[in-house]
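Student: I would like to go through this structure feature by feature. Please give the general idea each time, then the case at hand.

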Amino acid sequence: MNSAIFLLWITSFFPLQDPPEVVYDKVRSSVVAIRSLAPLGERSGSGVIIDSSGIILTSYSVVPKGAKNIRVWTTEPGKYINVELIGTSKKDELSLIRIQPKKNIPPILFGKSARIRIGDIAYTVGNAANSIILDTQPSFQIGVISGSYNLQETRANSTYRGIVLETSAAVNVGMEGAPLLDKAGRMIGFITLNYSPNRFLG
């Protein structure tokens, strides 16, 4: 067996993983910063583009029902101010908004969360500490899937209860509404403010 055929055979059983910098380049344009004015004050966080027409998935804690003055920042300079609120689900802690992009924005690709195993590589990417607003540069962190469990209490304005994936990749202020990614940069989860005080990981 020559070396080329041997390498092809090996990689068919053990797919090569994209290096982190390649994953970052794939996903950086699909993540946005969001601010809104809610009845209890201004909210700030992240969102992820799920359709190239400008539909964005974010957290209910960032854009709750009745939110006004919704603003979106992409990795291109400038911001969007004519943002439409499509709908919200407080129970699922999800909101959908829409911008009118100046050009098609690459949407995030979706993975299979059911196939994820503890120990798999995972990434978080979002508007930590306003990194997109200030520098048009999403914060990007690497870790592993460190657990999966049923979360039944709510904290820190979170409203979601149910099965969660826990990660050792950093989850910092401003990351609520950002995607959790697998090793190929596909979305396998959604970052929430909620956590277990017994585990206290992302």
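Predicted model: local features only at pLDDT ≥ 70, side-chain atom pairs only at ≥ 80, totals over all residues.

Tutor: Residues are numbered from 1 along each chain as its sequence is written, and side-chain values use heavy atoms, with hydrogens and water left out.

Student: What is the strand order of the open sheet?

Tutor: Helices (H or I, at least four residues) and strands (E, at least two) are DSSP runs numbered from the N terminus, and two strands pair if DSSP finds at least two bridges between them. Here seven strands form an open sheet in the order β5-β4-β1-β2-β3-β7-β6, with antiparallel pairing. Its edge strands, β5 (79–80) and β6 (84–89), each pair on one side only.

Student: Which strand does β3 join through five bridges?

Tutor: Strand β3 (residues 55–59) runs antiparallel to β7 (residues 94–98) and is joined to that strand by five bridges. The partner of S59 in β7 is L94.

Student: Which residues of helix α2 are buried?

Tutor: An α-helix has 3.6 residues a turn, so residues three or four places apart point the same way. Buried means under 20% relative accessible area, exposed over 50%, and partly exposed in between (1.4 Å probe, protein chains only). In α2 (residues 20–27), V23, Y24 and V27 are buried. Viewed down the axis of α2, these buried residues fall within an arc of 100°, so they line one face of the helix; the arc is that of the directions from the helix axis to the C-beta atoms. E21 and D25, on the other side of α2, are exposed.

Student: What covers the buried residues of α2?

Tutor: Contact means heavy atoms within 4.5 Å. The cover includes β1 (31–38), β8 (121–126), β9 (139–151) and β11 (179–181).

Student: Where does E93 lie, and how far away is the nearest side chain of opposite charge?

Tutor: Lys and Arg count as positive and Asp and Glu as negative, with His and the chain ends not counted. A salt bridge is a side-chain nitrogen of Lys or Arg within 4 Å of a carboxyl oxygen of Asp or Glu. E93 is in the loop between β6 and β7. This residue is buried yet has no salt bridge, and R43, the nearest side chain of opposite charge, is 8.9 Å away.

Student: Which residues is E93 in contact with?

Tutor: Leaving aside neighbours within four places in sequence, the contacts of E93 include T58, S59, Y160, F190 and T192.

Student: What is phi of A129, and is that residue buried or exposed?

Tutor: A129 is a residue other than glycine with a positive phi, near 55°. Its place is in the loop between β8 and α3 (131–135), and at 62% relative accessibility A129 counts as exposed. T136, in the loop between α3 and β9, is not a glycine either and has a positive phi of about 50°. T136 is partly exposed, at a relative accessible area of 27%.
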